[in-house]
Amino acid sequence: MAMLIAEYRGEVPGEMEALTRLPGIGRKSANVILGNIFGVPGIVVDTHVGRVSQRLGLTREKNPVNVEIALGKLLPEAEWTTFGQRLVLHGRYVCKARTPQCGSCRIEDLCDYKHKTSD
């Protein structure tokens, strides 16, 4: 908070570089802030997004920044924020890490993971 006050006059900055300079703010949090407060497109990559994007065959990347870049190449910028949010929710409630709910998945037919495990 001291840095926010001292360097940004108490205003949350609206740029990735400035946000990630703040203690405790990494790229994931910066993308949340930029997308939801400032309307700046960004893909939030958490463990859910990383897992689901790999299972769907959208990327083989494991590093969150590389996952973000790979997904960004697949979509128009205008869809980045909402797409990331959808993947987070899908990973949290349907495509769970240990017990994926493939039977209730609406995109099961697109899933590489389902095809690999059902053979």
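Start with N66 and E61: their side chains are joined by a polar contact of 3.5 Å. A polar contact is a pair of N or O atoms within 3.5 Å; within protein, one must be able to donate a hydrogen and the other to accept it, and residues adjacent in sequence count only if both atoms are side-chain atoms.

Some ground rules. This is a predicted model, where local features need pLDDT of at least 70, side-chain atom pairs need pLDDT 80 or more, and totals for chains, interfaces and linings use all residues. Residues are numbered from 1 along each chain as its sequence is written, and side-chain values use heavy atoms, without hydrogens or water.

Back to N66. Helix α5 holds it. Helices are DSSP runs of H or I, at least four residues, and strands are runs of E, at least two, numbered from the N terminus. The cut-offs are under 20% for buried, over 50% for exposed, and partly exposed in between, with a 1.4 Å probe and protein chains only.

Next, the largest nonpolar core. That term means buried Ala, Val, Leu, Ile, Met, Phe, Trp, Tyr and Cys residues joined through side-chain atoms within 4.5 Å. Which of its 14 residues touch the most other members? They are V49, L71 and L87. Two or more residues each come from α4 (47-55), α5 (64-74) and α6 (80-93). The largest share, four residues, is from α6. Another core lies apart from this one; its nine residues include M16, A18, A30 and I33. In general, nonpolar side chains tend to be buried together in soluble globular proteins.

Now L87. Leaving out residues up to four places away in sequence, L87 touches H48, V49, V52, S53, L56 and L71. Contact here means heavy atoms within 4.5 Å.

Last stop, Q101. Look in the loop between α6 and α7 (112-117). Q101 is partly exposed, because its relative accessible area is 32%. Its side chain has a polar atom 2.6 Å from the backbone oxygen of T99. Beyond four places in sequence, Q101 touches Y93, V94 and K96. And how far is the C-alpha atom of Q101 from that of I43? The two are separated by 24 Å, and lie 58 residues apart along the chain.
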